[in-house]
Amino acid sequence: PALVIDPQGAAVALSGWTRAEADVTVVSPAVTDGQDPVTRDVSLAGLAVRRVRPWVRQGEVAPAGVELARGGTGALILRSDPAAVGAAGEPRRVYLAFDVGAENAHFDRPEMLPILLANAVGWLLGDRPPTVSYEALTPAQAGAGVWRADGWVRADGQPARAGVWPAPGLYVDREQKCHAVNLTGLRALPTPEAPLDAVARAALPEPQPSRRDVPLWPALVLAAMALWLGGWAARTA
């Protein structure tokens with residue numbers, strides 16, 4: 001299963017569709033199937049997309065998949081055909097033609113984007129126990145060989161590749177916990193500590209007084225000579 005957002009290629013993995021030749025601006029696209037599990041409770045009224053290349057039908061053959069939203073010159077949201085999923089082994093796919101980042105897409109109702117994404121992920125995962133838990137991590141965070149010892153298997157039924165690190169994808173362990181392995185979930189490093197705070201926390205020894213005797217008479221002699229010269233200069237002025 002995969003949620004594909006703004007693919008860079010011209011084609012989509014659904015026959016009968018191709019990307020438009022040029023970017024267009026779309027305002028308030030229409031949801032074509034509000035009862036679909038991906039677009040249920042989703043309204044795109046007020047959505048403004050600065051740049052998008054919609055999918056358009058290619059040739060006279062009926063296109064595969066299901067069109068869920070339309071705007072501009074073609075389809076903005078597609079997904080694989082539910083009749084083909086499982087029957088012909090077609091993987092579940094949801095395609096969004098536009099980048100959902102704030103610099104490109106503005107949702108007049110901001111809650112619509114999380115609802116759309118949650119619906120898409122729920123449909124992609126299919127029928128799973130309601131108590132299943134999920135974890136997102138990188139191959140390195142999965143641990144060298146640990147994932148095999150815990151009995152991870154790919155959720156799509158494909159055989160896991162040989163090697164120490166798991167390939168990106170969705171895995172399920174013996175406890176029915178899902179592990180989403182990807183290359184973009186690197187965790188941020190901790191904020192570096194300020195130097196003064198680090199010094200204050202260092203285990204430094206207590207200051208000790210110096211036992212060295214320093215003679216002061218040379219300084220007293222120099223001070224007396226300076227005072228005498230100052231007084232002599234004042235009398236002769």
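Biologist: Let's start with a pairing: which residue in strand 10 is the bridge partner of A48?
Modeller: H106 is the bridge partner of A48. Keep in mind that this is a predicted model.

Biologist: Thanks! How many bridges join strand 5 to strand 10?
Modeller: There are 2 bridges between strand 5 and strand 10, and the two run antiparallel. They belong to an open sheet of 3 strands, in the order 3-5-10, with antiparallel pairing. Strand 3 (24-27) and strand 10 (105-106) are its edge strands, each pairing on one side only.

Biologist: Let me zoom out. How many helices and strands does the protein have?
Modeller: The secondary structure comes to 5 helices and 14 strands. The protein has 237 residues, and 30% of them count as buried. If you take the contacts with a separation of 6 or more, 60% are between residues 24 or more positions apart.

Biologist: Now the inside. Which residues have the most contacts in the largest nonpolar core?
Modeller: Those are I77, F98 and F107, in a core of 31 residues. Strand 5 (48-52), strand 7 (66-71), strand 8 (74-79), strand 9 (93-96) and helix 1 (112-125) each supply at least two residues of this core. Helix 1 gives the most, with 6 residues. As a general point, nonpolar side chains tend to be buried together in soluble globular proteins.

Biologist: Tell me about I77, then. What is I77 in contact with, leaving aside its neighbours within four places in sequence?
Modeller: I77 is in contact with L44, V66, E67, L68, A69, Y95, L96 and L116. One of these, L96 in strand 9, stands opposite I77.

Biologist: And strand 8, is that mostly covered or uncovered?
Modeller: Mostly covered: 6 of the 6 residues of strand 8 are buried. Strand 8 pairs with strand 7 in the antiparallel sense over 5 bridges, and 3 bridges join strand 8 to strand 9, also antiparallel.

Biologist: What do strand 7 and strand 8 form, and what is phi for G72 in the turn?
Modeller: The two strands form a hairpin with 2 residues between them, and G72 has a positive phi of about 70°.

Biologist: Last topic, the surface. Which residues form a nonpolar patch there?
Modeller: W217, V221, L222 and M225 form one, with about 470 Å² of accessible area together. W217 is found in helix 5 (residues 217-236) and is exposed, with a relative accessible area of 61%.

Biologist: And what does the accessible surface of the protein come to?
Modeller: About 15,300 Å², of which 59% belongs to carbon and sulfur atoms.

Conventions
Residues are numbered from 1 along each chain as its sequence is written. This is a predicted model: local features need pLDDT of at least 70, side-chain atom pairs count only at pLDDT 80 or more; totals for chains, interfaces and linings use all residues. Side-chain values use heavy atoms; hydrogens and water are left out. A nonpolar core is a set of buried Ala, Val, Leu, Ile, Met, Phe, Trp, Tyr and Cys residues joined through side-chain atoms within 4.5 Å. Buried means under 20% relative accessible area, exposed over 50%, partly exposed in between (1.4 Å probe, protein chains only). Helices (H or I, at least four residues) and strands (E, at least two) are DSSP runs, numbered from the N terminus. Contact means heavy atoms within 4.5 Å. Two strands pair if DSSP finds at least two bridges between them. Accessible areas come from the Shrake-Rupley method with a 1.4 Å probe; for residues, only the protein chains shown count as cover. Patches are made of residues with over 30% relative accessible area and no salt bridge: like charges are joined within 9 Å, nonpolar side chains (Val, Leu, Ile, Met, Phe, Trp, Tyr) within 5 Å. A salt bridge is a side-chain nitrogen of Lys or Arg within 4 Å of a carboxyl oxygen of Asp or Glu.
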